[in-house]
Amino acid sequence: MDREVTYDTAHEAEVTLGQDRDEAPDHVRGGDGLGCHAGAGQMAAAARSAGKSELLDQYAKDYPQGPHDKPQSMCPAFGSLRVGLRMRRVATVLSGSACCVYGLTFVSHFYGARRSVGYVPFNSETLVTGKLFEDIRDSVHELADPDRYDAVVVTNLCVPTASGVPLRLLPKEINGVRIIGIDVPGFGVPTHAEAKDVLAGAMLGYARAEAEAGPVQAPVGGKSDRPTVTLLGEMFPADPVVIGRLLDPLGLAVGPTVPCREWRELYAALDCGAVAAVHPFYTAAMREFEAAGRPIVGSAPVGHDGTAAWLADVGDAFGLAAEKVAAAQNGFLPAITAALAAAPVKGTITLSGYEGSELLVARLLVESGADVPYVGTACHRTQQSRADREWLEAKGVKVKYRASLEDDCAAMEAVKPDLAIGTTPVVQKAKELGIPGLYFTNLISARPLMGPAGAGSLAQVVNAAIANKGRMDHMRAFFDGVGHGDTAGVWEGDPNLRPDFRALHQKKLDRQARAAKAAEMI
């Protein structure tokens, strides 16, 4: 699709924006499910024997795993679920164990979802006989109302994937409603951030095929009269606006952000001059853009050096004159330098997370004056993150891809920073040690990072947290000796210690370990 997208303006469909609390039919709600009793290795082997080898091989290529064979963040399927729930006129259906579906729906509503999540229940009989697939097919037929939906997304969780439930056999379209079937097993997709890419890539592939076949819906605001840059990765709402201002002197405009909020935005995203991989782990999405002939630009306009390099890379992608790029750089870089100088960060900080923007935040902290000896990201290493990694390593920062919780905690305990930024268990561990901590997802990534607006955005919250060191020391001294080991819980007297029970239990664990080791050797 190395051409422009053709939009259908003669038959523009009237659309109703997403329904709040849209109720799924009874057929796709409720029911009992199965538990995920097998280990990741057994489930992966079962999935391969059930015909999912090609899928798992592609996931292994797109999302290469690290030393750990299972996610350490929340269930990966939350990422793809979140993408679907944030889109207008898109229905979401889950197929998986009831406990998994309950947890995913709970978390999705905790994060502000305002619509129902469809659920196709199953039991051993329907799973083994293939009746589950028939139930899923009946469900999407019942949901496929073109007056309400542009698309229905069906997601297989671990058990249906391991059992080979073939979502690829679902109709591609029913009554004009697109049907998207994806598998997001915890044993194939390492993080929820990368699960966002699974659905984004599937949707882009579908939209690309539609655009290649003929005219498609135009964007709500019409086609831009300037070449556009599509942004890849969820980000703070102000960041696309700031990026648009950075692009304006180059004669360019900011395009949609993928994952999109509406189906027709996918066409506009494909109809761009280049793609900015702000979050560099969207492997499947980038494959679709490359198939459409769109160049990919890595990194992002963060800080002075990042903005200068990013503007130059965008200029190269569009073949712009060096003088034009230099003029844009000269127009913004002094303001970024001034913002960084006005909001310095002093202190040693370790940083980790699973959102995919960890390296960008680290760059901004370093340019703000912080000493950042360690950055860990749960996401995998890609070519699009190379510039950020090389810049950080040149500043003496240790960058760890596919970082585990153990990696992050070990770095924090070794460095003993003034502030630990990380996931919930990292922050919890830091506070137990009397080290101030900030949760990356809610307190750091939920802030503008790009251009002049991002230059001073982190200083206030970071400096305030570092200044809390005295309070942390006071609380640690007050609770010293409480809440650990035998002192956990509430006691009126001395804890009732039973070393004989502990020894007996340890023998059981040792026997289980020896049996597992022997099984591996068979």
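Start with the charge over a ring: Arg498 lies over the face of Phe501, 4.0 Å from the ring centre. The criterion is NZ of Lys or CZ of Arg within 6 Å of the ring centre and within 35 degrees of the ring normal.

This is a predicted model, where local features need pLDDT of at least 70, side-chain atom pairs count only at pLDDT 80 or more, and totals for chains, interfaces and linings use all residues. Residues are numbered from 1 along each chain as its sequence is written, and side-chain values use heavy atoms, with hydrogens and water left out.

Next, aromatic pairs. There are four in the structure. Rings of Phe, Tyr and Trp (its six-membered ring) pair if their centres lie within 6.5 Å; planes under 30 degrees apart are stacked, over 60 edge-to-face, and the rest tilted. Tyr59 and Tyr63 have ring centres 6.0 Å apart and planes at 45°, so this pair is tilted. Tyr59 counts as buried at 7% relative accessibility, and Tyr63 counts as buried at 1%. Buried means under 20% relative accessible area, exposed over 50%, partly exposed in between, with a 1.4 Å probe and protein chains only.

Another of the pairs is Tyr206 with Trp263, edge-to-face, at 5.7 Å centre to centre and 85° between the planes. Tyr206 is in helix H7 (residues 192–213) and Trp263 in helix H9 (residues 263–270), so the pair ties together parts 57 residues apart in sequence. Helices (H or I, at least four residues) and strands (E, at least two) are DSSP runs, numbered from the N terminus. Tyr206 and Trp263 are both buried.

That is it; questions, please.
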